[in-house]
Amino acid sequence: MVSEKYMKPIVDSLIRRIYGEPEHTIHEFPIGYGRTDIVYIFEGEPYVVSVELKVNNWKRGVQQALRNLVFSKYSYLALQWKKKRRINIDFLRKYGIGLIAVNGDAQVVLKPKPSSFFNLYRREIMKMLRGKIE
């Protein structure tokens with residue numbers, strides 16, 4: 001059985017190929033009553049990319065990816081992809097959540113849309129995140 005720990009470096013490599021080298025990468029970032037598996041902070045523009053990793057419970061992963069839209073410009077759900085899975089792609093598309101399939105390597109199945117909330121509160125969000133890093 002593949003674990004989220006196994007998926008992390010595979011997904012990390014994909015995110016870095018897509019977005020470049022982040023200034024900060026935070027694993028198990030505490031947010032609200034939960035944790036986000038991986039958070040990437042890019043200072044140039046600035047913006048944040050978050051990723052939820054799931055081996056099985058994709059519905060829980062969708063809930064977490066939705067939560068991440070509050071502080072991320074782009075939110076992804078990364079799933080173990082052994083066979084075609086029944087996932088509501090239309091729901092992900094509607095809310096702008098990206099989907100990554102992990103099966104030995106990682107590939108983007110659905111590109112995320114920028115979070116309008118992040119765009120409205122970018123300055124405050126980046127200040128809060130920088131405070132958590134220091």
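The expected span of a helix is 1.5 Å times one less than its number of residues. Helix α1 covers residues 4-19, which makes 16 residues, so it should span 22 Å. Its end C-alpha atoms are 21 Å apart, which agrees. The structure here is a predicted model.

**Helix α1**

- The buried residues of α1 include Met7, Ile10, Val11, Leu14 and Ile15.
- Lys8, Asp12 and Tyr19 also belong to the buried set of this helix.
- These buried residues pack against six strands: β1 (24-31), β2 (34-42), β3 (47-54), β4 (74-80), β5 (98-103) and β6 (105-110).

**Salt bridges**

- The whole structure holds eight salt bridges.
- One of them joins the side chains of Glu4 and Lys54, at 3.9 Å from N to O. This pair links distant parts of the chain, since Glu4 is in helix α1 and Lys54 is in strand β3, 50 residues apart.
- The two partners sit in unlike surroundings. Glu4 counts as partly exposed, at 28% relative accessibility. Lys54 counts as buried, at 11%.
- The side chains of Asp12 and Arg16 meet in another salt bridge, at 2.8 Å from N to O. Both residues lie in helix α1, four residues apart, which is about one turn of the helix.
- Asp12 has a relative accessible area of 18%, so it is buried, because the cut-off for buried is under 20%. Arg16 has 23% and is partly exposed.
- Asp12 and Arg16 also belong to a network of salt bridges that takes in Glu21.
- Lys73 and Glu45 form a salt bridge through their side chains, at 2.5 Å from N to O. Lys73 lies in the loop between α2 and β4, and Glu45 in the loop between β2 and β3, so the pair ties together parts that are 28 residues apart in sequence.
- Lys73 is buried, at 10% relative accessibility. Glu45 is partly exposed, at 43%.

**Thr25 in strand β1**

- Thr25 lies in strand β1. Its relative accessible area is 28%, so it is partly exposed.
- Which side chain makes a polar contact with the side chain of Thr25? The partner is the side chain of Arg16, at 3.0 Å.
- Not counting residues up to four places away in sequence, Thr25 touches Asp12, Arg16, Ile38, Val39 and Tyr40.
- The C-alpha atoms of Thr25 and Pro46 are separated by 14 Å, and the two residues are 21 residues apart along the chain.

**Ser50 in strand β3**

- Ser50 is placed in strand β3.
- Is Ser50 buried or exposed? Its relative accessibility is 0%, so it counts as buried.
- The side chain of Ser50 makes a polar contact with the side chain of Ser72, at 2.9 Å.
- Leaving aside neighbours within four places in sequence, Ser50 is in contact with several residues, among them Thr36, Ile38 and Val39. Others in its contact list include Asn68, Phe71, Tyr74, Ser75 and Tyr76.

**Backbone features**

- Most residues other than glycine have a negative phi, and most peptide bonds are trans. Two places in this model depart from that pattern.
- Glu28 has a positive phi of about 55°, although it is not a glycine. It is placed in strand β1, and at 32% relative accessibility it counts as partly exposed.
- The peptide bond from Glu45 to Pro46 is cis, with omega near -20°. Pro46 is found in the loop between β2 and β3.

**A nonpolar surface patch**

- Which residues form a nonpolar patch on the surface? They are Val70, Phe117, Leu120 and Tyr121. Together they have about 400 Å² of accessible area.
- Val70 lies in the loop between α2 (58-68) and β4. Its relative accessible area is 46%, so Val70 is partly exposed.

Technical notes:
Residues are numbered from 1 along each chain as its sequence is written. This is a predicted model: local features need pLDDT of at least 70, side-chain atom pairs count only at pLDDT 80 or more; totals for chains, interfaces and linings use all residues. Side-chain values use heavy atoms; hydrogens and water are left out. Helices (H or I, at least four residues) and strands (E, at least two) are DSSP runs, numbered from the N terminus. Buried means under 20% relative accessible area, exposed over 50%, partly exposed in between (1.4 Å probe, protein chains only). Contact means heavy atoms within 4.5 Å. A polar contact is a pair of N or O atoms within 3.5 Å; within protein, one must be able to donate a hydrogen and the other to accept it, and residues adjacent in sequence count only if both atoms are side-chain atoms. Patches are made of residues with over 30% relative accessible area and no salt bridge: like charges are joined within 9 Å, nonpolar side chains (Val, Leu, Ile, Met, Phe, Trp, Tyr) within 5 Å. Accessible areas come from the Shrake-Rupley method with a 1.4 Å probe; for residues, only the protein chains shown count as cover. A salt bridge is a side-chain nitrogen of Lys or Arg within 4 Å of a carboxyl oxygen of Asp or Glu.
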